[in-house]
Amino acid sequence: KLFQLRAYSKVELARLYNPDQCITIALQTLARWIRMNPALMAELEEVKYNKYRRVFTPKEVGIVIRHLGEP
């Protein structure tokens, strides 16, 4: 199935990247990948990324997949 560029909840995107992990670990893993990638963090900060918001905007999802690849 083709990946659709749209808004995703953090849980939804984390599960796509880590389907075999429980939700908590999948979220922690995705957050760690984002934090540990300075180029990704810089691009997200440019579009006013809020780490406390529960949803990634389509623009933020595009940035994430550009750096981490499609899930």
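In these legends, contact means heavy atoms within 4.5 Å, and helices (H or I, at least four residues) and strands (E, at least two) are DSSP runs, numbered from the N terminus. What you're looking at is a predicted model: local features need pLDDT of at least 70, side-chain atom pairs count only at pLDDT 80 or more, and totals for chains, interfaces and linings use all residues. Residues are numbered from 1 along each chain as its sequence is written, and side-chain values use heavy atoms, with hydrogens and water left out.

**View 1. The whole chain.**
The protein chain has four helices and two strands, laid out along the sequence as β-α-α-α-β-α. Its C-alpha trace spans about 30 × 25 × 20 Å along the principal axes. A compact globule of 71 residues would have a radius of gyration near 11 Å, and the protein chain agrees, with 11 Å. (That radius is taken over C-alpha atoms, and the globule rule is 2.2 Å times the number of residues to the power 0.38.) Buried residues make up 32% of the 71; here buried means under 20% relative accessible area, exposed over 50%, and partly exposed in between, using a 1.4 Å probe and protein chains only. Take the contacts in the chain with a separation of 6 or more: 52% of them come from residues 24 or more positions apart.

**View 2. The buried side of α3.**
In α3, Leu40, Met41 and Leu44 are buried. They cover an arc of only 95 degrees around the axis, which puts them on the same side of α3; the arc is that of the directions from the helix axis to the C-beta atoms. Among the elements covering these buried residues are α2 and α4. Turn to the face of α3 pointing away from the buried side and you'll find the exposed residues Pro38, Glu45 and Glu46.

**View 3. α2 against α3.**
Helix α3 (residues 38-46) packs on α2 at an angle of about 90 degrees, with the axes 6 Å apart. For the geometry, axes are lines fitted to C-alpha atoms, for helices over the stretch in contact, and angles run from 0 to 180 degrees between N-to-C directions. α2 and α3 are therefore roughly perpendicular; the cut-offs are under 35 degrees for roughly parallel, over 145 for roughly antiparallel, 65 to 115 for roughly perpendicular, and oblique for the rest. Trp33, Ile34 and Arg35 of α2 make the contact with Leu40, Met41 and Leu44 of α3. By class, that contact has five nonpolar residues, no polar ones and one charged. (Ala, Val, Leu, Ile, Met, Phe, Trp, Tyr, Cys and Pro count as nonpolar, Asp, Glu, Lys and Arg as charged, and the others, Gly among them, as polar.)

**View 4. α1 and its partners.**
Helix α1 (residues 10-17) buries Lys10, Leu13, Ala14 and Tyr17. Their arc around the axis is only 100 degrees, so they sit on the same side of α1. The buried residues of α1 pack against β1 (8-9), α2 (23-35), β2 (55-56) and α4 (58-68). With α2, the packing angle is about 85 degrees and the axes are 8 Å apart, so α1 and α2 are roughly perpendicular as well. Lys10, Val11, Leu13, Ala14, Arg15 and Tyr17 of α1 meet Ile23, Ala26, Leu27, Leu30 and Trp33 of α2. That contact counts nine nonpolar, no polar and two charged residues.

**View 5. The loop between α1 and α2.**
Asn18 is found in this loop and counts as buried, at 7% relative accessibility. Leaving out residues up to four places away in sequence, Asn18 touches Ala26, Thr29, Leu30 and Trp33. Cys22 is in the loop between α1 and α2 too, but it is partly exposed, with a relative accessible area of 45%. From Cys22 to Pro71 is 49 residues in sequence and 16 Å in space, C-alpha to C-alpha.

**View 6. Glu60 and Lys48.**
Glu60 is in helix α4 and is buried, with a relative accessible area of 1%. Beyond residues up to four places away in sequence, Glu60 touches Leu44, Val47, Lys48, Tyr49, Asn50, Arg53 and Val55. Lys48, in the loop between α3 and β2, is exposed at 66% relative accessible area. Most residues other than glycine have a negative phi.
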